[in-house]
Amino acid sequence: MSIVMKPGATKDEISAVIGKIKSAGLKADVSSGEYQTVIGIIGDEKKVDFDQVKSMGGVFDAIRIQVPYRLISRSYIPEDVVVRVGKIAIGRDNPPAYIAGPCSIESYEQLYRIGRAVKDAGAHILRGGAFKPRTSIHSFQGLGLEGLEHLESVGKDLHMPTVTEIRSEVDVELVTKHTDVLQIGARNMFNQDLIEAAAKTGKPIFFKRGFSAQIDEYLSFAERIVANGNRNVLLCERGIMPLGGSFKSQTRFTLDLNAVPVLRKETPFPVIADPSHGTGRRDLVLPMSRAAIASGAHGLMIEVHDRPQEALSDGAQAVLPQDLKKIIKVSDLIFKTIRESDSPFSGDIKNGTGRA
Ligand code: PEP
Ligand code: MN
């Protein structure tokens, strides 16, 4: 249920509604806009009498939300959300945001070299992994704290905001100290303790879709970020793998570009595409970047290495800095063409079912 207060609702009227929710043993999510306050319910909302709430003082309307991921749905937050990372505004009608850098941080020098190159190519945010999620224990696991220190120094030296993956709840404080955006990776999409701990820092959360997650499941876990008081959510489609796994593919994963307009329709939060992990192949990153922007992605995450053959992880999908420059150039052109063509993304088109 979403309770929309009248524009002139008093503090006491708002408190009474919150009190009503709390007295049913539930939590309230309160968002105070410039004109209106909207209150969401966290928990089993059947415990709150819908008609009673509707008739309370200062209440303009109470709306039942039909989807399970209530607090992240368009019915609860109708307007596109803009997430700010440093000076970069991501989402709504802002130009695409480009997040780029190596898969793993290997040394200060490596990160600085690549960071400088991606900045020159037009990237806005520097990425680099310090705690790497790896299938094999024999693979490079990341530099850990040393990597985080390099990320922070290079980010400062290049005046670029940074993003890095947080793999465990235990590291929340540590990782938060060294980076601007916390990434929750595909393998941790279902890790509710990690999601909640990361959300509570208030930092933007770069939340990747699990490779076998349905969109409903993905959004339900993303909702936990909002339910913990953090609306700085960046969604990321990074490729899926068919369940069962007998399907032999030419690519590491299948970048699910259907998900981009579906997510834009279902939620107001920015959607980023990751064609690097989504394909696993350097030669496919450019075409799938173009397609992702054409499908309505608000930005791209791209793995870049200047010596991909020497990369300690994901070398096969790393593009060269000069490739990134081409990707950014054509992506900006595609974005501009779509914006000027008056052919809105499907997220902006009503689907006729009555849900915005
Ligand atoms: C990454 O961004 O380096 C990464 C490991 O991503 P994912 O969680 O999507 O595999
Ligand atoms: Mn990677």
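Student: So Asp 314, buried or exposed?

Tutor: This is a predicted model, and in it Asp 314 has a relative accessible area of 18%. The cut-off for buried is under 20%, so Asp 314 counts as buried.

Student: Which side chain does Asp 314 meet in a salt bridge?

Tutor: That would be Arg 252, at 3.2 Å from N to O.

Student: OK, switching to the metal. What coordinates the manganese ion (ligand 2)?

Tutor: Four residues do: Cys 103 through SG, His 277 through NE2, Glu 303 through OE and Asp 314 through OD. The distances run from 2.0 to 2.4 Å.

Student: How are those donor residues spaced in sequence?

Tutor: The pattern is C-x173-H-x25-E-x10-D. His 277 belongs to helix H9 (residues 275–279), and Asp 314 to the loop between strand E14 (299–303) and helix H11 (321–340), so this pair ties together parts that are 37 residues apart in sequence. His 277 is buried, as is Asp 314.

Student: Back to salt bridges, then. How many are there?

Tutor: The count is 16. One of them joins the side chains of Arg 231 and Asp 29, at 3.5 Å from N to O. That pair spans 202 residues: Arg 231 is in the loop between helix H7 (215–227) and strand E12 (233–237), and Asp 29 is in strand E2.

Student: Why do Arg 231 and Asp 29 get the accessibility labels they do?

Tutor: Arg 231 has 28% relative accessibility, so it counts as partly exposed. Asp 29 has 9%, so it counts as buried.

Student: What about Lys 46, which residue does it bridge to?

Tutor: Lys 46 forms a salt bridge with Asp 44, and the closest N and O atoms are 3.6 Å apart. Lys 46 is exposed at 74% relative accessibility, and Asp 44 is partly exposed at 35%.

Student: Which residues are linked in a network of salt bridges?

Tutor: Arg 209, Glu 237 and Asp 256 are.

Student: New topic: pockets. What's the volume of the largest pocket?

Tutor: About 510 Å³. Its lining takes in 18 residues, and Val 38, Tyr 76, Ile 77, Pro 78 and Glu 79 are the ones nearest the centre.

Student: Last thing, the overall fold. How many helices and strands does the chain have?

Tutor: Eleven helices and 14 strands. The radius of gyration is 21 Å, close to the 21 Å that the globule rule gives for 356 residues, so the chain is as compact as a globular protein of that length.

Student: And what does the C-alpha trace span along its principal axes?

Tutor: About 65 × 45 × 45 Å. Of the 356 residues in the chain, 52% are buried.

Note on methods. Residues are numbered from 1 along each chain as its sequence is written. Chains are lettered from A and ligands numbered from 1 in the order in which they are written. This is a predicted model: local features need pLDDT of at least 70, side-chain atom pairs count only at pLDDT 80 or more; totals for chains, interfaces and linings use all residues. Side-chain values use heavy atoms; hydrogens and water are left out. On a 1 Å grid over the protein atoms alone, a cavity is a set of points where a 1.4 Å probe fits but cannot get out, and a pocket is an open set with protein on both sides within 12 Å along at least five of seven lines; lining residues have an atom within 4 Å of a point. Grid points are joined across faces, edges and corners, and a volume is the space filled by probe spheres set on the points. Donors are N, O and S atoms within 2.8 Å of the metal (3.2 Å for Na, K and Ca); water is not among the atoms, so sites may look incomplete. Helices (H or I, at least four residues) and strands (E, at least two) are DSSP runs, numbered from the N terminus. Buried means under 20% relative accessible area, exposed over 50%, partly exposed in between (1.4 Å probe, protein chains only). A salt bridge is a side-chain nitrogen of Lys or Arg within 4 Å of a carboxyl oxygen of Asp or Glu. The radius of gyration is taken over C-alpha atoms; the globule rule is 2.2 Å times the number of residues to the power 0.38.
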